[in-house]
Amino acid sequence: MPTPLIYVAAAFAEIAGCFAFWAWLRLGKSILWIVPGLASLALFAWLLTLVDSAAAGRAYAAYGGVYIAASLIWLWSVEGLRPDRWDAIGAGICLLGASVILFGPRTA
């Protein structure tokens, strides 16, 4: 699976896992929400191990930009709140930074 697709899948797995805890602790949902939440967080961690990178920190840093953009998509599609222009500008800056980290030329 190509790295950008791994990052997108990992982002939604992480967000879903974290949202399960949010739903339980902040929205009054059943504690049983944490069962799929934990599974989703485990899937997230496993997916990041599939990224072709010699350094975990670099893989995680590049992932961060994708996570931010995916969080805003979650905000809109799941929580029903449309991101504003500042959200979009911030996500764009983060994705640009992630692209530099991910696709920048490496000497060694």
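Biologist: Helices here are DSSP runs of H or I, at least four residues, numbered from the N terminus. How many helices and strands does the protein chain have?

Modeller: This is a predicted model. The protein chain has four helices and zero strands. Along the sequence, the pattern reads α-α-α-α.

Biologist: What does the C-alpha trace span along its principal axes?

Modeller: About 50 × 35 × 20 Å.

Biologist: And how much of the chain is buried?

Modeller: Of its 108 residues, 31% count as buried.

Biologist: What share of the contacts with a separation of 6 or more comes from residues 24 or more positions apart?

Modeller: Those residues account for 64% of them.

Biologist: Which residues of H2 are buried?

Modeller: Ile34, Gly37, Ser40, Phe44, Leu47 and Leu48. They cover an arc of only 135° around the axis, so they sit on the same side of H2.

Biologist: What do those buried residues pack against?

Modeller: Two helices: H1 (3-26) and H3 (56-77).

Biologist: And which residues are exposed on the other side of H2?

Modeller: Val35 and Thr49 are exposed there.

Biologist: Which helices supply at least two residues each to the lining of the largest pocket?

Modeller: H1, H3 and helix H4 (85-103) each do. H3 gives the largest share, three residues.

Biologist: How do the lining residues divide into nonpolar, polar and charged?

Modeller: Eight are nonpolar, three are polar and three are charged.

Biologist: Is Thr3 buried or exposed, and why?

Modeller: Thr3 counts as buried because its relative accessibility is 17%, and the cut-off for buried is under 20%.

Biologist: What does Thr3 contact, leaving aside neighbours within four places in sequence?

Modeller: Thr3 is in contact with Val51, Asp52 and Leu102. Asp52 also turned up among the residues closest to the centre of the largest pocket.

Terms used:
Residues are numbered from 1 along each chain as its sequence is written. This is a predicted model: local features need pLDDT of at least 70, side-chain atom pairs count only at pLDDT 80 or more; totals for chains, interfaces and linings use all residues. Side-chain values use heavy atoms; hydrogens and water are left out. Buried means under 20% relative accessible area, exposed over 50%, partly exposed in between (1.4 Å probe, protein chains only). The arc is that of the directions from the helix axis to the C-beta atoms. Contact means heavy atoms within 4.5 Å. On a 1 Å grid over the protein atoms alone, a cavity is a set of points where a 1.4 Å probe fits but cannot get out, and a pocket is an open set with protein on both sides within 12 Å along at least five of seven lines; lining residues have an atom within 4 Å of a point. Ala, Val, Leu, Ile, Met, Phe, Trp, Tyr, Cys and Pro count as nonpolar, Asp, Glu, Lys and Arg as charged, and the others, Gly among them, as polar.
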